Amino acid sequence: MSRIVKHPVIALLDAGTTFKEVRQIHAKFVIDGTLNDDHFVGQFVKAVALSDQKYLDYAEQILDRSDKPTLFALNSMIRAHCKSPVPEKSFDFYRRILCSRNDFKPDNYTVNFLVQACTGIGMRETGLQVHGTTIRRGFDNDPHVQTGLISLYAELGCPDSCHKVFDSVSSPDFVCRTAMVTACARCGDVGFARKLFEEMPEKDPIAWNAMISGYAQVGESRKALDLFHLMQLEGVKVNAVSMISVLSACAQLGALDQGRWAHAYIERNKIKITVRLGTTLVDLYAKCGDMNKAMEVFWGLEEKNVYTWSSALNGFAMNGLGEKCLELFSRMKQDGVTPNAVTFVSVLRGCSVVGLVDEGQRHFDSMRNEFGIEPQLDHYGCLVDLYARAGHLKDALGIIQRMPMKPHAAVWSSLLHASRMYKNLELGVLASKKMLELETRNHGAYVLLSNIYADSDDWDNVSHVRQSMKSKGVKKEPGCSVMEVNGEVHEFFVGDKSHPRYTEIEAVWKDISMRLRLAGYKADTSPVMFDIDEEEKEDALCLHSEKAAIAFGIMSLKEDVPVRIVKNLRVCGDCHQVSMMISKIFDREIIVRDRNRFHHFKDGHCSCNGFW
C-alpha cells in the first residue's frame, strides 16, 4: 500500500464524526468530482470504514460505486472488517481482489489483515488455510505476517505452532518478541514466556501485562502480584489491562487487602473503569467474600453488561445467598438485560446452595422456552447438583441418564458428594466408578469412595481403594489454605511445619483445642480414611491446613477483622464443625472459600445451612 497524499477533508474523519457529517462530506466529494480519482476513493473508503464500525456498510456502498476499486481500498475494507464483530466478512473483499478485472495480486498487507481476521474468527481450519496462503504467495517471511501468525496460533490454543513460527524468524524484533511472550503466557507456557520476557532489552506495557495475565491464568497468583510490584518499580505505565490481571490474581488468592489497594490505585491514578474492569472489581470482592462492597461497586458502575450482572449473581451464589441471587436476577430482567448462558449457571447455582429445587427447575426450563438458550453441560451439571444437594438422589441420577450429551466428571462428582452426605452407598459406588472412567487419576473420586466405605465401617474396601490408588500412582492432593495478614499472603499445607511462626501457631491451636473440648467438641473422624483408632484419627485431623490458618488468623488479626481463608479442597466435616464452634466461642467471623463455595461462619452458624 503505497503512500498517497491525503485529502485535507478526509483527514478530519475520526471516531467522533457523525453519520450526518460523513454523508455531507460524501456529497461534497461527489459534487466537486473528488471521487473521480480512484486513489481518493480508496482514501475515503478507508477513513469511513476505520472511523467507526457503524459505518462499514456505508463504506462498502461507496466502494461499490467505484468503477475501478484499488487494491488499497479493498485492503482497507479487509482491515476494517478484521477488527469488527464480523471478521469473516474480510474474506468477501479478499475474493474481490482475486476476481478483480484489474488482475490484482494480494500483497503483504492483504495477507497480514487476513491473518488478523482469522484471529478474530478463532477457527483452526480457516487459520491453517490462510497460513498456507502466506506461504504460497511468498509472505511467510514478512515480519508483520509472522507476528500475526504467532498471535493467531495463540488464539487457536496451538503453542507448538507459535514456537514453530517464532523459530522461523531470523531476527525477531521487539513487536515479534512481545507477541511471543503474549502467546506463550496465554497458552500457559509461562516458563518460556518469562525467559523470553527477561531477555527482552525493552519491555512495553503489553509485554508486562501479558506476563502478569499469564501467571494469573495458570493460578500462579503470587508471581502475578510480584511482577506487578516490579512493574511499578520499573516505572512502567499501568493501565486498565494491567489492573484486570492484578485484580484477578487477588481474587484467586482471596487477598482482599491487596485487592482493596489495587482498587484504590485505580481511583488514585484515575484509570478509566471500563465495563470489563468494573466487572473484574465486582468479581474480586465477591470472591473475597465481601458482597456488600461487591454490590457497592456494582451499583456505582456507569455501564454494566450481561457479564457484570452475571458476576454479581455468581457472587451471591458463591456466598450462599441464593435468595438475593434470585432477587437480583429479577431486577436484571426488569432492567431489560437479556440473560445469557453464563447468567443461568449463576442462577442455578443460587438455587442449589439454598435447596430451591422447584425454582431451579423452573429457571432451567425457561432457558429454552423463554430465552432460546439451549442448556449446555454446565447447566445440566448445576441441575444435577441442585437435586443431589437437596437429597433427591434418584432424580439427580435420572437427569444424568437423560442428558443429551455425555456427562463430565463434575456431574458425577456432585452425585458422589451427595451420596456420601445422604449415606447412599450404592449410588456413591456407581458415581465414583463413572468418575474414574472419565478421569482415571482423579484423586477426589478415590478419597470420597474410600470415605463412603469408611462411613459403613467397610475397611476391606477402604484398603482396596487405597491399594488401587497406590498401584495406579494416584496421590491425594495435599490440603492447602491461603490467607492474607496485613497485605502479606501466607500458605499452610497439611502437616507442614515450615511456617516461621509455627511454634506459636501450634501453641495457639492447643489452647483452641482445649476450649473446644470444654464446649463439648467431639472430633468428626469420618474424613480420615485409615483403619486406625480414634485417637490417631483425631491427631490426623489436627494437621489439616485450615486449622493452622485459623490459629494464625486469631493470633495475628484484630478481633473485629474476619479470618479469611482460601482452600484448594472442599471443607471437611470436622473443619466445618470446628469453624462453627470457634466463631461462637471466640466471637470471631471466619470466612472460608473452598473449591466449591463460601462458608461464612458467625455466632456458631454457617451460611451453607447444611448444603455444603
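**His490**

I started with His490: at 11% relative accessibility it counts as buried (buried is under 20% relative accessible area, exposed over 50%, partly exposed in between, with a 1.4 Å probe and protein chains only). The model is predicted, so local features need pLDDT of at least 70 and side-chain atom pairs pLDDT 80 or more, while totals for chains, interfaces and linings use all residues. Residues are numbered from 1 along each chain as its sequence is written, and side-chain values use heavy atoms, with hydrogens and water left out.

What joins the side chains of His490 and His499? I got a polar contact of 3.0 Å (a pair of N or O atoms within 3.5 Å; within protein, one must be able to donate a hydrogen and the other to accept it, and residues adjacent in sequence count only if both atoms are side-chain atoms). Skipping neighbours within four places in sequence, I listed the contacts of His490 as Ser481, Val482, Met483, Val485, His499 and Phe552 (contact means heavy atoms within 4.5 Å).

**The sheet**

Next I looked up the sheet: 6 strands, open, mixed pairing, in the order S2-S1-S3-S4-S5-S6 (two strands pair if DSSP finds at least two bridges between them). Strand S2 (488-493) and strand S6 (605-606) are the edges, each pairing on one side only. S1 (residues 480-485) and S3 (residues 563-567) go antiparallel over 2 bridges. Ser481 has Lys567 in S3 as its bridge partner.

**Rings**

How many aromatic pairs does a search of the whole structure find? I got 15 (rings of Phe, Tyr and Trp, using its six-membered ring, pair if their centres lie within 6.5 Å; planes under 30 degrees apart are stacked, over 60 edge-to-face, the rest tilted). One of them is Phe298 with Trp309, edge-to-face, 4.9 Å centre to centre and 85° between the planes. Phe298 sits in helix H17 (residues 291-300) and Trp309 in helix H18 (residues 306-318), so this pair ties together parts 11 residues apart in sequence. Both Phe298 and Trp309 are buried.

I also checked Phe329 and Phe344: edge-to-face, 5.6 Å centre to centre, 75° between the planes. Phe329 is in helix H19 (residues 322-334) and Phe344 in helix H20 (residues 341-353), 15 residues apart.

Methods: Helices (H or I, at least four residues) and strands (E, at least two) are DSSP runs, numbered from the N terminus.
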